[in-house]
Amino acid sequence: MRYFLRLSYDGTDFHGWQRQPNAPSVQQKIEEALGTVLRHDTPVTGAGRTDTGVHAREMYAHFDSDTTFDPEGLKRSLNNMCGHSIAIHDILRVKDDAHARFDATARTYQYRIITRKDPFQDRYAWRLQQIPDLDVMNWAAALLLLTADFTSFAKLHGDAKTNICNVSNAAWTIDEASGVITFTITADRFLRNMVRAVVGTLIEVGRHKLSIPEFRQVIRAKDRCEAGMSVPAKGLFLTRIEYPDDIFKV
């Protein structure tokens, strides 16, 4: 039988989601805990592959098991074994052919920026010296909704079969009380390093080092070398993954 895990994690101390030969990963930690509790090897397939240092407020992963277990009891055991950086929120029975990665219809990421020193934010946000021009950054971000090919923001020599993505939301906001600036982007799929490259390029627009027409040309160039820097991983969060309702079994 197939189950979905709904979880979150602080990616600071992990080398990304995917299992690595000589470095700790979120996938490895969960697989080891599941294998111990269920007493059989339990491979886990995630909804995506977050990079080293990237966090997830909401991640899904699936695993198969014919072992009878109490979902609440298994959740407690996994939370006790996975350490303080990983939290398992739900264990959900799904259709036997449901797939955490391929059945996802949309994913949302957020990138957080701060402009003043804050020891309680520094681990989870990138600090800039001054607030960029959010209005012009939002004008540029709106162009992403009209874009199909995101090659200019894809990691060079990546293994994606296509660089086509459908972005349905991209916007900058600021919380006046905390001063935290947040970029939110939703799409049907994302390329490796795409969000961090998009943010880095939009920051150039917000600093008036890149005009709107020049940003449009970056998109059209389909060349990663034309886009801006890749911003630090620590400010990036996977925040939501959406699925069709009919894959979940009551």
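Select asparagine 193 to begin: at 16% relative accessibility it counts as buried, where buried means under 20% relative accessible area, exposed over 50% and partly exposed in between, with a 1.4 Å probe and protein chains only. Asparagine 193 lies in the loop between β8 (181-187) and α4; helices (H or I, at least four residues) and strands (E, at least two) are DSSP runs, numbered from the N terminus. The phi of asparagine 193 is positive, about 75°, although the residue is not a glycine.

The model is predicted, with local features needing pLDDT of at least 70 and side-chain atom pairs counting only at pLDDT 80 or more, while totals for chains, interfaces and linings use all residues. Residues are numbered from 1 along each chain as its sequence is written, and side-chain values use heavy atoms, leaving out hydrogens and water.

Next, select arginine 39, in the loop between α1 (26-38) and β2. Arginine 39 also has a positive phi, about 65°, without being a glycine. Its relative accessibility is 77%, so arginine 39 counts as exposed.

Now show helix α4 (residues 194-206) together with helix α5 (residues 212-221). They pack at an angle of about 160°, with axes 10 Å apart; axes are lines fitted to C-alpha atoms, for helices over the stretch in contact, and angles run from 0 to 180 degrees between N-to-C directions. α4 and α5 are therefore roughly antiparallel to each other (angles over 145 degrees count as roughly antiparallel, under 35 as roughly parallel, 65 to 115 as roughly perpendicular and the rest as oblique). For the side chains, select Thr201, Leu202 and Val205 in α4, which meet Ile212, Phe215 and Val218 in α5; contact means heavy atoms within 4.5 Å. By class, this contact of α4 with α5 has five nonpolar residues, one polar and no charged; Ala, Val, Leu, Ile, Met, Phe, Trp, Tyr, Cys and Pro count as nonpolar, Asp, Glu, Lys and Arg as charged, and the others, Gly among them, as polar.

Move to strand β3 (residues 55-64), which is mostly covered, with eight of its ten residues buried. Arginine 2 stands opposite aspartate 64 in β3. Strand β2 (residues 45-46) pairs with β3 over two bridges, in the antiparallel sense, and glycine 46 has alanine 61 in β3 as its bridge partner. Strand β9 (residues 236-242) pairs with β3 in the parallel sense over two bridges; here histidine 55 stands opposite phenylalanine 237 in β9.

How values were computed: Pairing = 2+ DSSP bridges.
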